[in-house]
Amino acid sequence: MANAQISYDIAHLIGATVLMAGFQLLYQRRLFAVLNTFAFQALALAAAAAWQAHIQHAPHLYVTAAIALVFKAMIVPIALHWLVEQLGIHRNVETAMSIGWTMMAGVALVALSILLVLPVTANATALTRESLALAMSVVLLGLLMMITRRNAVTQVVGFMALENGLILAAVSAKGMPLVVEISVAFSVLVAMTLFGIFFFRIRERFDTLDLADLETHRGDRQ
Amino acid sequence: MSAIAWQLLQIVLVVAVSPLITGWVRLVKSRLNGRIGASPFQPYRDIYRLLQKEAVVAHSASWIFRTAPYVTFGAVWLAACIVPAFTTNLFLAQAADLIALVALLGLARFWTALAGMDIGTSFGGLGASREMMIASLAEPAMLMVTFSLSLISGTTAPAQIIAFILSGGVGIEVSLGLALAALVMVAIAENGRIPIDNPATHLELTMVHEAMVLEYSGRHLALMEGAGMVRLTLFMALIGGLFAPWGMAQAGDGAVAVLVGLGAFLAKCFILATALGVFETSIAKMRVFRYADFLGGALLLGLLATIFLYVSEAV
Amino acid sequence: MLIAAALSALLALAVLGVAAGAEMWRHRLIYFCCMIASLVLLAGGIKHLGQTPGTGPAIVLPIGLPWLAAHFRLDNLSALFMVVVNLAAAATSAYGIGYCSHLPEPRRVTPFYPLFLFGMNAVLIADDAFMFLVAWEFMSLASWLLVLADHKNAENRHAAFVYLVMACFGTFCLLTCFGLMAGGEGAYSFPAMRAAKLDGVSGFLVVLLALLGAGSKAGLVPLHAWLPLAHPAAPSHVSALMSGVMTKVALYGLIRILFDLHGEVNWAWGAVMMVIGGITAVMGVLYAILQDDLKKLLAYSTVENIGVVMIGLGLAIAFKGSGEKTLAALALVAGLYHIVNHSIFKTLWFLSAGAVITATGERDLGKLGGLAKRMPWNGVAALVGALAIAALPPLNGFVSEWLIFQSLFKGPSLPHWAMKFGVPVVGAMLALAAALAAACFVRAYGIAFLGRPRSQAAAEAHQVPASMRLTVAFLAVMCVVLGAIPVTVTDALSHVVTPLTGVQFAVSADLGWPWLSPVSSTRGSYSGTVLVMTGLGLCAVTLMLARLLGTSRLRRADAWDCGHKEDIPQSQYTGQSFSQPLRRVFCASIFAARESVDMPDPGDNRPAELKVRVIDPIWVGLYATIGRAVDFIADLVNRIQYLTVRRYLLMMFTTLVLMLLVVAVRQNQ
């Protein structure tokens, strides 16, 4: 039993690393740093999945880990890196809210997810509760990143951080079928491709990636 | 009785080894920079040399300036005596807890900052102002770390916390990890290490701690530098003791256990000092107004560490 | 009975004060007598501090309302506050002996000063609501007159006006609060109120009104707006009383109502009070950091400390409401300890500010500097006070904050989720406030007392009269003593707490005298006594080692300053520049602090200027809005003034008919 306890503790520690990477994403001010942090988060996610595969004796989770490692920790960041270089926008992350306040909001969101998870899982064990709280926090932090960053690239990263949270929840719960994971992974890839095309279109049309500038082009505004 | 004996040993130990630890960090940094570097025992010689020199004091200095080295060194030394380095069986362990530890370091900083302002130079004021800004976030962060540790172990006394962890009462908690991260960030700030402050710089616009002690010379400077070294040892003992308490002797243990504890303490300091040297070499100093984000992050980590205890049923 | 005599003496002194005239020795004599009266009251308070609960002397005087004689009683809580009030009052009176001749118009101060002391003491011993409110008004109006002492200054008149409005608001709230507790039968005596049971709604309203009424007097954010205006406007020894003591009398009212008269306050109020306390503490200290006026800075620091006390009181209510009586007692002891401490160190600092103003005529930090050398007594005493306010060991401020932290750390053991999540946040706020207070007082002390003089007046500062020096020295000694023997203090406080929480409690139960161990010996302990001894020992060893290993030669020279030669003192850091990093970090969003540089064009000779803009969110958001609303309503009502007689008659007639209608409807129900 003590052994199982330690395995779960390690699982939670890796989950917490994913969460910390989520906070790091909010903290970074440079686009490249954001991308590196995102790669680190995906790496931690891969580790989490692999560890879950190990302790649940579920080999299919190794596949999830591999997908996270290859796609999210390598291909996506490298692609986005290339994109950012192409666009020449590698300097600052434009924030809609100061970093201090964003992080405070982040902590409030974590507290909120803990509060939400506790009554829902009153019958579940502490182990599930903690994983769920972690995963939910990661999802909410991803959302927060999407709404507090003006730059489209950071919004994409926020969106994918959100996906990381979903996958973290999925690997922590026992018996999730592989199909879903692959589809999730592919949706990320598709989303990235779409966003990539989208960036170029925005750039071509308006010469900026700041979404605030797009507001002036809305039809309903005079 | 043994508590008093071990306490005396610790009082001597922290002062005796801290120049070596600082010397080791400097050596690691020199080697990583491709220099041969001075011997790790160089700080002992430096301090002795400074003690031999006459102290030069500005005309405008008041008694605050002249008492500051003694008060600062005394307060930091006292703080370092509270943190169990090799045994939890210390006489002073009950006289002060982690909150008092934070406050003792605060006392040293308060007096140093005043000394910085005493001469009436712009650099002194600059250093004092920035130091207090850093402290205004680092201190709460450390108190939040204390909060989460006290929730886990039910006590704020470092010796009791270590005894609790050693007794196996706690597993690998997420909260402990978060608290460790926060404490490391605080330690970096409190010791004026990169990325917050550069202990080696004398470039006017970037220095913080150095700016406050700019006017010191002779024995005063020796004590100020010595206080910095003891503070570094203190934080290593604290981090090593709270988060890796293995080898620590406890109440009722004999001399052999204490010897093991001493060895473990020195080994931990060696590892942490090497890690610090590597970390400092591999990272750049931040801009002054990024400190707030960095230390605010530490504060929030401390808060998260507390909140996370509720899910893991530790409370 | 000595207490009654001393109080009557204070009233008589007020009358004599009117007759004091221009001769300074009479004023001095009156202050001296005030000091004696305060010392008598102090002795009385100490004597009754440890009495068995419920045995305090009581007296009924046939004055006041026809059906209600005036009840007075000195129970343990009153005795404690009597000690708090009169310790500071004795010091300020002694200070006044020397200080009164430096006032511009002593005749406008001397008569009201004993009256103010009388009012505060009478609040403490009142045992019925009527006397309580009368004494409360005595206290408010006497202090209002003292704020107006220097009435030629338009700023002071404005301060007094704001103060009067807020005092009226506070008294109104307390009046309604007592009315609700007295119930339909009008049982205005405190024992009757204690016995009465409150129903849900009135219980809620009583707490709310008590918080508004006493809170506005104590200076809780957002009801603090008058405090930093009024406290600095009064002469310094009165400022010391208002900040150090009157706010405590307000907290006495709050404690009396919430812990004694009401008795069964819901735990959720505790949570509310803690959050208010946390916000008050952080906002108060941030305001203080932005101030350049020394006395304003101190007044805002009072706001901060009231917030700290509120955290302790709120925690006590939360514990008490959840049945954790021992922890409630601990939190209450912590709050009371901080009340005692703050009354001492804030009095000390206001008196030091008075000495600075006497010596230099300046209270702007930007024009002070180097006073520690020119005024050594005040330099040392103010440093002790600064260390105490910054909650640094081994002084008293640290002990009370330590106790508050210890009780906060037990907060998550409460079953309510609001507390579990709220307590760490409030803890972070308290820690932030404590650290910022240290920064604030490094700034205040460092700019005013250290460095080089920034003006001619500061360079020519002179020592102040002996009575002014001795009092600050006395208060500084008190700071050290209360910090070095904390257990003696907590033992005295536990007598006060026992009847309020219903539990026998000792903070040092486990380890005995010099060890403060709130929960048990293994749960964190502190001993100021041992720490002081060891610390002094280590400092002495340091000194000896430095002498032994090195030389004791010392040479005076010019400051090195990285090779710069700075002759003009204006090149030093000023208060504004010191607070700049903190302003940028903490005040950019809360106070919308912005800096702009006004750089003249080439060829233009005027100096460049750095402008700092700070917007007080509470004044602009709350008070200015209320002010506009009042103006708007006044404009509306104003129109009624210009009607014809026929219309006025119509209005009266309509009102009459409506009233009759109400009566008719009610009779037929």
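**Figure 1. The loop between α7 and α8 of chain B holds B:P195.** In this predicted model, local features need pLDDT of at least 70, side-chain atom pairs count only at pLDDT 80 or more, and totals for chains, interfaces and linings use all residues. Residues are numbered from 1 along each chain as its sequence is written, chains are lettered from A, and ligands are numbered from 1, in the order in which they are written. The loop runs between α7 (174-190) and α8 (209-212). Helices (H or I, at least four residues) and strands (E, at least two) are DSSP runs, numbered from the N terminus. A cis peptide bond joins B:I194 and B:P195. Its omega is about 10°. Most residues other than glycine have a negative phi, and most peptide bonds are trans.

**Figure 2. The loop between α15 and α16 of chain C contains C:A391 and C:P394.** The peptide bond from C:P393 to C:P394 is cis. Omega there is near 5°. C:A391 is not a glycine, yet has a positive phi of about 55°. C:A391 has 31 other C-beta atoms within 10 Å and is therefore buried. The cut-offs count other C-beta atoms within 10 Å of a residue's own: 20 or more is buried, 12 or fewer is exposed, and in between is partly exposed, with C-beta atoms placed from the backbone.

**Figure 3. C:A592 sits in the loop between α22 and β4 (594-598) of chain C.** C:A592 is not a glycine, but its phi is positive, at about 50°. C:A592 has 13 C-beta neighbours inside 10 Å, so it counts as partly exposed.

**Figure 4. C:N378 lies in helix α15 (residues 376-389) of chain C.** C:N378 is buried because 30 other C-beta atoms lie within 10 Å. Leaving out residues up to four places away in sequence, C:N378 touches C:S352, C:A355, C:L371, C:R469 and C:V472. Two residues are in contact if their C-beta atoms, placed from the backbone, lie within 7 Å. C:F345 is 33 residues from C:N378 along the chain. The C-alpha atoms of these two residues are 13 Å apart.

**Figure 5. Helices α16 (residues 396-409) and α19 (residues 466-484) of chain C pack against each other.** Two packed helices are described by the angle between their axes and the distance between the axes. Here the angle is about 40° and the axes are 7 Å apart. Axes are lines fitted to C-alpha atoms, for helices over the stretch in contact, and angles run from 0 to 180 degrees between N-to-C directions. α16(C) and α19(C) are therefore oblique to each other. Angles under 35 degrees count as roughly parallel, over 145 as roughly antiparallel, 65 to 115 as roughly perpendicular and the rest as oblique. From α16(C), C:N396, C:F398 and C:V399 make the contact. From α19(C), the partners are C:C479, C:L482 and C:G483. By class, the residues of this contact are 4 nonpolar, 2 polar and no charged. Ala, Val, Leu, Ile, Met, Phe, Trp, Tyr, Cys and Pro count as nonpolar, Asp, Glu, Lys and Arg as charged, and the others, Gly among them, as polar.

**Figure 6. Chain C meets chain B through 70 residues, in contact with 75 residues of chain B.** Elements of chain C that each supply at least two residues to this side include α14 (371-374), α17 (417-449), α21 (528-549) and α22 (575-590). α17(C) gives the largest share, 14 residues. The side of chain C that touches chain B has 43 nonpolar, 16 polar and 11 charged residues. Strand β1 (residues 55-58) of chain B pairs with β3(C) in the parallel sense, over 4 bridges. Strands pair if DSSP finds at least two bridges between them. B:A55 stands opposite C:L554 in β3(C).

**Figure 7. Chain B touches chain A with 17 residues, in contact with 22 residues of chain A.** α7 and α11 (291-308) of chain B each supply at least two residues of that side. α11(B) gives the most, with 8 residues. The side of chain B that touches chain A divides into 10 nonpolar, 5 polar and 2 charged residues.

Figure 8. Residues 6-25 of chain B are 100% helix and 0% strand, with end C-alpha atoms 27 Å apart. Residues 132-155 of chain B are 92% helix and 0% strand, with end C-alpha atoms 28 Å apart. In chain A, residues 6-27 are 100% helix and 0% strand, and their end C-alpha atoms lie 31 Å apart.
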